[in-house]
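User: Hello! I am new to this structure and would like to go through it with you step by step. Could you show it to me?

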Amino acid sequence: QVQLVESGGGLVQAGGSLRLSCAASGRTFSSYAMGWFRQAPGKEREFVAAISWSGGSTRYADSVKGRFAISRDNVENTVYLQMNSLKPEDTAVYYCAASQNGVTMTLVDYWGQGTQVTVSS
């Protein structure tokens, strides 16, 4: 069992930065690929970024490549999403996810409760 708790969301102006954190409980954190998804009002949840259990492999949605960076600390059981050059279209609830299917994140085993990110123009 893995429990995920996100933090770090908030309101930021366009062009600004935020860093999201996802703290995981459970001894098996390091065996999961971790990822971030987001859901904007009226839209489906979409993939944002993922990182392998070792941190050696990452994958990003085209819309965030070059602006967002995912990382993890397997000692602190935490995964991060550094978001730079934020745009109003990045506004969404961001969810942390854990998967045993690698960075494809095709099957998510655990979800966090979400954290709101709002980017003003």
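User: Is Asn77 buried or exposed?
Analyst: This is a predicted model, in which local features need pLDDT of at least 70, side-chain atom pairs count only at pLDDT 80 or more, and totals for chains, interfaces and linings use all residues. Residues are numbered from 1 along each chain as its sequence is written, and side-chain values use heavy atoms, with hydrogens and water left out. Buried means under 20% relative accessible area, exposed over 50%, and partly exposed in between, with a 1.4 Å probe and protein chains only. The relative accessible area of Asn77 is 19%, so Asn77 is buried.

User: Where is Asn77 placed, and which residues is Asn77 in contact with, leaving aside neighbours within four places in sequence?
Analyst: Asn77 sits in the loop between β7 (68-73) and β8 (78-83); strands are DSSP E runs of at least two residues, helices H or I runs of at least four, numbered from the N terminus. Contact means heavy atoms within 4.5 Å. Leaving aside neighbours within four places in sequence, the contacts of Asn77 are Cys22, Ala23, Ala24, Gly26 and Phe29.

User: Which residues form a disulfide?
Analyst: A disulfide is a pair of cysteine sulfur atoms within 2.5 Å, and the structure holds one. Its sulfur atoms are 2.1 Å apart, and the partners are Cys22 and Cys96. The pair links distant parts of the chain, 74 residues apart: strand β3 (residues 18-25) holds Cys22, and strand β9 (residues 92-99) holds Cys96.

User: Is Cys22 buried or exposed, and what about Cys96?
Analyst: Cys22 has 0% relative accessibility, so it counts as buried. Cys96 also has 0% relative accessibility, and therefore Cys96 counts as buried.

User: What is the radius of gyration, and does it agree or disagree with a compact globule?
Analyst: The radius is taken over C-alpha atoms, and the globule rule is 2.2 Å times the number of residues to the power 0.38. For 121 residues, a compact globule would have a radius of gyration near 14 Å. The value for the protein agrees with this: 13 Å.

User: What share of the 121 residues is buried?
Analyst: The same cut-off of under 20% relative accessible area applies here. Buried residues make up a share of 46%.
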